[in-house]
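Let's take a walk through this structure together. Have the sequence and the 3D view open side by side as you read.

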Amino acid sequence: VQSVSARLTFKFAVFWVILLGVLALGISLWFWKDLRHEAKRDLESLARSLSERLVDENRPASDLPTPGLRNDLAQFVKANGCRAEVRREDGTAIFDSPELASPAGTLVRESRMTLQGGGRVMVRITIDDRPYRARLYQLLRYFGVIAPVTTILALLFGFVFVRNTLSPIEEVRRKAEQISRANVSERIPEPKTEGEVRDLVRTFNEMLGRLERGIQDLENFAADAAHELRTPLAILRAELETALQENRSAEEDHEVLVSLQEEVARMSAIVTDLFTLAKLDMRQYALKKETFRLVPLLEEVLETWAPLAAERRIILRREGDDARVKGDPNALRRVFMNLVENALKYNREGGEVILAVRRIESKVHVEVNDTGVGISQQHLPGLFRRFYRGDKGRSRDDGGAGLGLAICKSFVEAHEGRIEATSELGQGTHIHVELPVG
Ligand SMILES: Nc1ncnc2c1ncn2[C@@H]1O[C@H](COP(=O)(O)OP(=O)(O)O)[C@@H](O)[C@H]1O
Ligand SMILES: [Mg+2]
């Protein structure tokens, strides 16, 4: 921040100096032009008043000057500090005052006039331009004082101004430095004034919110995973303890083994699901990018679930035309296997499950609609969360740990697709999957 404010202040000062320079140059040039103009006017008025003194003379040029005229002209020269010359046509002087000692320069005006008494004369006025220059130099001296003073002021003001402007950013930085995993729920107070800094703070706080949620999800995930594995492990232990008791028949041992096998299978399924999710999270799941037809894949899924549907007298069918999608067939098969399984599992006896495929522009939409128990509005937002289960008590018998939809979501999102759910309690659920067209 220090260097930014220094740089900004420096730029501000440089800008000021350039501005001042241009201004000073412009004003000086303009002023100088005015001064020249004024000098010319002065010269003209002197010439005019000299001519007025001559015009009344009614003697011929050869008889001039009279003592009165000489006196008059000498006084005129003295009063105006100029040089005056009056010459006959042959160049001889009627009147000539001493030359001006002007190192800088002089301004001269020459004119001819006819005398009343006859004959023409040349009249020449010379003035010194030093008084005019002196006024210009005075102005330049003013600039000489104004420039450094205002530049210093500009530097000071610029520095304070820049520091004040940047201080909220410095505050954000300091606060950001303090935020770590332990206090990720803290937020940076928003500045009251609208503007870029407030936008920055807002964006930063939103990022913190996302991080917080991410961390929370991770923590919940770990806790849920541990919890989920603890139950089957406890059952395993209890069963093993029973099995190790003496005096047991082969039949009893077999029963225990079957039960153990079930628990191990359940745990194994959970661990496999967790592993799939972890690999998807780390983007290490090598998804293929093939173009394939969706309907054969869906038919396969329907065939797999047909026995369960028949058992529960649920009508399982497909609607719509075929469409090509781009992605990994195995991953998408798992997605639809999960969705249809849910649609059957959370359905009612004699219900319906319909798969509808539609292609709209560059997307393929697949809907899995059921006529089941539905999901309450308050639970919908958490539906795709890991280990989410609508009814914890009942689910253990059905075997689900609540990872199925989370895996669906991860797979679909890895395909740059979307998955959404709408539902009405007691009416049914619609899961809407959107995939890129192949
Ligand atoms: N089609 C559906 N109708 C009603 N509830 C559903 C449906 N699909 C999923 N659910 C609810 O969402 C929860 C999570 O589903 P899922 O992730 O597939 O886990 P699992 O099926 O393993 O329990 C289920 O426990 C269920 O309560
Ligand atoms: Mg499921």
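This is a predicted model: local features need pLDDT of at least 70, side-chain atom pairs count only at pLDDT 80 or more; totals for chains, interfaces and linings use all residues.

**A tour of the chain**

Now step back into the helix itself. Helix 5 covers residues 250–281, 32 residues in total, and spans 46 Å from its first C-alpha to its last, close to the 46 Å expected at 1.5 Å a residue. Which of its residues are buried? The set is Val-256, Ser-259, Leu-260, Glu-263, Arg-266, Met-267, Ile-270, Leu-274, Thr-276, Leu-277 and Leu-280. When you look at the spacing in that list, remember that an α-helix has 3.6 residues a turn, so residues three or four places apart point the same way.

Zoom out for the overall picture. The protein chain has 9 helices and 11 strands. Its radius of gyration is 51 Å, well over the 22 Å that the globule rule gives for 438 residues, so the chain is more spread out than a compact globule. Along the principal axes, the C-alpha atoms fill a box of roughly 165 × 50 × 35 Å. Buried residues account for 37% of the 438. Take the contacts between residues at least 6 apart in sequence: 69% of them join residues at least 24 apart.

What about the surface and the charges? The chain exposes about 26,700 Å², with carbon and sulfur atoms supplying 55% of that. There are 63 positive and 65 negative side chains, and the centres of the two sets lie 10 Å apart.

Next, head for the loop between helix 6 (294–311) and strand 6 (315–320), where you'll find Arg-312. This arginine is partly exposed, at 21% relative accessible area. Arg-312 and Gly-350 are 38 residues apart in sequence, yet their C-alpha atoms are 6.6 Å apart in space. Beyond its neighbours within four places in sequence, Arg-312 is in contact with Leu-344, Lys-345, Asn-347, Arg-348, Glu-349 and Gly-350.

Arg-313 sits in the loop between helix 6 and strand 6. Its relative accessible area is 56%, so Arg-313 counts as exposed, and its phi is positive, near 55 degrees.

One last stop: Glu-416, in the loop between helix 9 (404–414) and strand 10 (418–424). Glu-416 has a positive phi too, near 60 degrees, and is exposed, with a relative accessible area of 65%.

Technical notes:
Residues are numbered from 1 along each chain as its sequence is written. Chains are lettered from A and ligands numbered from 1 in the order in which they are written. Side-chain values use heavy atoms; hydrogens and water are left out. Helices (H or I, at least four residues) and strands (E, at least two) are DSSP runs, numbered from the N terminus. The radius of gyration is taken over C-alpha atoms; the globule rule is 2.2 Å times the number of residues to the power 0.38. Buried means under 20% relative accessible area, exposed over 50%, partly exposed in between (1.4 Å probe, protein chains only). Contact means heavy atoms within 4.5 Å. Accessible areas come from the Shrake-Rupley method with a 1.4 Å probe; for residues, only the protein chains shown count as cover. Lys and Arg count as positive and Asp and Glu as negative; His and the chain ends are not counted. The place of a charge is taken as NZ of Lys, CZ of Arg, CG of Asp or CD of Glu. The expected span of a helix is 1.5 Å times one less than its number of residues.
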